[in-house]
Amino acid sequence: MDKEIKKKEKSDRHRLSLKKLRKAIRKAQTAKRYEHTLGVEYTAAALAMRYGANVNNALLAGLLHDCAKCLSDEKLIDICEKNQLPMTETERKLPFLLHGKVGGYLAEKKYGIQNREVIDAIINHTTGREGMSLLEKIVFVADYIEPGRSHAANLEELRLLAFQDIDKALLRILEGTLAHLKSSGYAIDPRTEETWKHYRSLAERDA
Ligand code: DGI
Ligand code: FE
Ligand code: FE
């Protein structure tokens, strides 16, 4: 078969599977959450174009990042216990923090994702982690700046910064999130704090 036709068929298959996945995710989420999901999907793709990451992986990770967000606390804990996914103390206290980890698990087992980078971007999208890949940073930032978000602090500035310097945007989002969590008295997952310290020290080193 002609090489070009083969290539086209391959990309069409991919588009079809994105379409099917969207349908499945729409069923698994509330209307509002699904709207946020599409916002993250397209924003992640735009950031991938800007920074030279794989656009299809960005679409997939954006689409699936909150695939476990609409599960109850009990269900999140149950999935972790039944599948030997380790839980931290903070996660037991605040089970919503598990939706990344469980989301990564479901992306692989339920939605058939095999790409490790995509799965990691889903797992780490709430707390971040030290040494994030470009795709992980993209999903983390897209989650915060997508067009449907309206209550986050300094959104306009951060939306611009995200397309100028993704590391600076990442650090600013972490700073803002931690300040908000601390002032509201919420429990903080050690990973959120570690991510912030790691990227702050990198920024200081580069200054
Ligand atoms: O699922 P989304 O709402 O789209 O976004 P997300 O997965 O980034 O979750 C956002 C919330 O998670 C946001 O309100 C900040 C919060 N968060 C992030 N790290 C921590 C945290 N909440 C607590 N209590 N502790 C953390 O360490
Ligand atoms: Fe989330
Ligand atoms: Fe989200």
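How many helices and how many strands does the protein chain have? Colour the model by secondary structure and count along: there are 11 helices and zero strands. Keep in mind as you go that this is a predicted model.

**The whole chain**

Start with everything shown as a cartoon. From the N terminus on, the elements run α-α-α-α-α-α-α-α-α-α-α. The radius of gyration is 17 Å, close to the 17 Å that the globule rule gives for 207 residues, so the chain is as compact as a globular protein of that length. Turn the view along the principal axes, and the C-alpha atoms fill a box of roughly 60 × 45 × 30 Å. Buried residues account for 43% of the 207 residues. If you display contacts between residues at least 6 apart in sequence, 57% of them join residues at least 24 apart.

**Helix α2**

Next, select residues 31–51, which form helix α2. Now show the side chains: the buried residues of α2 include Tyr-34, His-36, Val-40, Glu-41 and Leu-47. Among the other buried residues of α2 are Gly-39, Ala-44, Ala-45 and Ala-48. Step past the helix to Gly-52, which follows α2 and has a positive phi, near 75°.

**The iron ions**

Which residues are the protein donors of the iron ion (ligand 2)? Select Asp-66, His-99 and His-125 together with ligand 2. Along the chain, the donors follow the spacing D-x32-H-x25-H.

Asp-66 bridges the iron ion (ligand 2) and the iron ion (ligand 3), which lie 3.6 Å apart. Asp-66 lies in the loop between α3 (55–64) and α4 (73–82), whereas His-99 is in helix α6 (residues 99–109), so the pair ties together parts that are 33 residues apart in sequence.

Are Asp-66 and His-99 buried or exposed? Asp-66 is buried, with a relative accessible area of 2%. His-99 also counts as buried, at 4% relative accessibility; the cut-off for buried is under 20%.

**A charge over a ring**

For the last stop, select Trp-196 and Arg-200. Arg-200 lies over the face of Trp-196, at 4.5 Å from the ring centre. A search for aromatic pairs, with ring centres within 6.5 Å, gives a count of zero.

Notes:
Residues are numbered from 1 along each chain as its sequence is written. Chains are lettered from A and ligands numbered from 1 in the order in which they are written. This is a predicted model: local features need pLDDT of at least 70, side-chain atom pairs count only at pLDDT 80 or more; totals for chains, interfaces and linings use all residues. Side-chain values use heavy atoms; hydrogens and water are left out. Helices (H or I, at least four residues) and strands (E, at least two) are DSSP runs, numbered from the N terminus. The expected span of a helix is 1.5 Å times one less than its number of residues. Buried means under 20% relative accessible area, exposed over 50%, partly exposed in between (1.4 Å probe, protein chains only). Donors are N, O and S atoms within 2.8 Å of the metal (3.2 Å for Na, K and Ca); water is not among the atoms, so sites may look incomplete. Rings of Phe, Tyr and Trp (its six-membered ring) pair if their centres lie within 6.5 Å; planes under 30 degrees apart count as stacked, over 60 as edge-to-face and the rest as tilted. A charge sits over a ring if NZ of Lys or CZ of Arg is within 6 Å of the ring centre and within 35 degrees of the ring normal. The radius of gyration is taken over C-alpha atoms; the globule rule is 2.2 Å times the number of residues to the power 0.38. Contact means heavy atoms within 4.5 Å.
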